[in-house]
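This report describes the arrangement of sheet, helices and ligand shell in the structure shown below.

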Amino acid sequence: MNKIIAVTSGKGGTGKSTFSVGLALALKKAEKSVLMIDMDSGLRCLDLLLGVDEQVIFDISDALAGKPLDACVLHSPKYSGVDLIPAAINEFCPSAEDFGNFVEKVSRLYDVVIIDCPSGSDFTLYSMLPRATEFVCVCNPNPVSVRDTATVGSRLRAIGRNGRIIINKYDYYCIGNSVFKTLDDLIDISGLKLLGIIPLSLKLEIAFYGGYFPIKGKEFKAYKRIATRLMGESVPIPKLSKI
Ligand SMILES: Nc1ncnc2c1ncn2[C@@H]1O[C@H](COP(=O)(O)OP(=O)(O)O)[C@@H](O)[C@H]1O
Ligand SMILES: [Mg+2]
């Protein structure tokens, strides 16, 4: 079965949408076809990041209501090969069965489907995702985000799933001066298995301001390592001072 990756977090603003785009580009670089689904209804953002905001006519709610997929899927002119079904403009909460069936159907057309989920404490969406889903929790290396990640992890375990943690906005010197003596302490408190570490980066901020995603440099190397791990290969975590 093709991969269906749900990108989640407890706290907002940890970098889920940025991560989703970076992961999509890294997977594309590895010659995987990628569909992104923006499930953060009301707070849409992937259409802007992928440069398709002017083209949005239909969204995920229309796709589930039976509109042809061709009409709902947008092709990013900015990042060719990355497709998107935009988020619903209004609050949208499909039934678990409808959403699960839909995601499974589209996952047959792509190597990887990435679902950018809303943050927060409404975990209804998790139980809508089909069995094969991988849950990736994007966490920042601060005590609030780590505590929220631990909550997400325990909710996932309660429905029989295991999430993996991405430490985003990592800075070697920040960790040294934080409540976490080491990165291992942080990972232990989160209760999740480490999937990868992405550096704190101004370039990623700029991509968010409408610029281009950096597809060179240490940021993209981090995304490529994560993409490779998600495809089942093992890649070592580099020396922490080098991330
Ligand atoms: N690794 C990073 N380094 C620096 N800024 C980042 C990084 N990842 C994300 N950001 C910034 O964090 C902010 C929130 O990111 P976003 O992807 O919208 O988070 P979320 O989807 O979790 O709400 C944006 O301004 C984005 O540019
Ligand atoms: Mg987001």
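Axes are lines fitted to C-alpha atoms, for helices over the stretch in contact, and angles between N-to-C directions run from 0 to 180 degrees. In this predicted model, helix 1 and helix 10 pack at an angle of about 70°, and their axes lie 8 Å apart. Helix 1 is thus roughly perpendicular to helix 10, since angles of 65 to 115 degrees count as such. Helix 1 contributes Gly22, Leu23, Leu25, Ala26, Leu27 and Lys29 to the contact, and helix 10 contributes Phe220, Tyr223, Lys224, Ile226 and Ala227. By class, eight of these residues are nonpolar, one is polar and two are charged.

The eight strands form an open sheet of mixed pairing, in the order 3-4-2-5-1-6-7-8. Strand 3 (74–75) and strand 8 (193–199) each have a single partner strand, so one side of each is left without a neighbour in the sheet. Strand 6 (residues 133–139) runs parallel to strand 7 (residues 163–170), and five bridges join the two. Within this pair, Cys137 stands opposite Ile165 of strand 7.

| Helix | Strands met | Angle |

Ligand 1 has 18 residues around it, of which Gly15, Lys16, Ser17, Thr18 and Phe208 come nearest. Helix 1 (16–29), strand 7 and helix 9 (202–208) each supply at least two residues of this shell. Its residues comprise five nonpolar, 10 polar and three charged.

How values were computed: Residues numbered from 1 in each chain as written. Chains lettered and ligands numbered in written order. Predicted model: local features only at pLDDT ≥ 70, side-chain atom pairs only at ≥ 80, totals over all residues. Pairing = 2+ DSSP bridges. Helix = DSSP H or I, 4+ residues; strand = E, 2+ residues; numbered from the N terminus. Near = placed C-beta within 6 Å. Nonpolar A, V, L, I, M, F, W, Y, C, P; charged D, E, K, R; others polar. Parallel < 35°, antiparallel > 145°, perpendicular 65-115°, else oblique. Contact = placed C-beta atoms within 7 Å.
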